[in-house]
Amino acid sequence: MGHHGAVTDTSGPADTVGTSEPAPRPVLALGAEYRRGRERLSALLADEPEDRWDRPVRACPGWTVRAVVGHLVGTVEDALAGRISGPPSEDV
């Protein structure tokens, strides 16, 4: 999906993270939590008509449903590609 468009399934094996080595247990738990959240979000949005993706999100002023979903997917894509080195600083 990139950052805007239809939701895509970016899940992979839960026991590896970018290598053939087994992932540490905390990563496995994080992967399971991500998978549950992705499944819930996908189910919530699956039957939404295209025009509803451009509606504002009250919890995120200035953001649309499409932008929030793009942000969520983009963050995962960035993490899997190694473009995230940790949590954002207090300045962000």
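Partly exposed, as used here, covers a relative accessible area between the buried limit (under 20%) and the exposed limit (over 50%). The views below come from a predicted model.

**View 1. E33 and R36 pair up within helix α1.** Here E33 makes a salt bridge with R36, and their closest N and O atoms sit 2.2 Å apart. Both residues belong to helix α1 (residues 25–45), with a spacing of 3 residues, or about one turn of the helix. R36 has a relative accessibility of 44%, so it counts as partly exposed. E33 lands in that class too, at 47%.

**View 2. R66 and D54 bridge a helix and a loop.** The two side chains meet in a salt bridge, 3.0 Å from N to O. R66 is part of helix α2 (residues 65–80), while D54 comes from the loop between α1 and α2, so this pair ties together parts 12 residues apart in sequence. What about burial? R66 is buried, with a relative accessible area of 13%, whereas D54 is partly exposed at 46%.

**View 3. R83 reaches D78.** R83 forms a salt bridge with D78, and the closest N and O atoms are 2.8 Å apart. R83 counts as exposed because its relative accessibility, 57%, is over the 50% cut-off. D78 is partly exposed, with a relative accessible area of 23%.

**Whole structure. The salt-bridge tally.** Searching the whole structure turns up 5 salt bridges, including the E33–R36 pair, the R66–D54 pair and the R83–D78 pair.

Notes. Residues numbered from 1 in each chain as written. Predicted model: local features only at pLDDT ≥ 70, side-chain atom pairs only at ≥ 80, totals over all residues. Heavy atoms only, no water. Salt bridge = Lys/Arg side-chain N within 4 Å of Asp/Glu carboxyl O. Helix = DSSP H or I, 4+ residues; strand = E, 2+ residues; numbered from the N terminus. Buried < 20%, exposed > 50% of the residue type's maximum accessible area, 1.4 Å probe, protein only.
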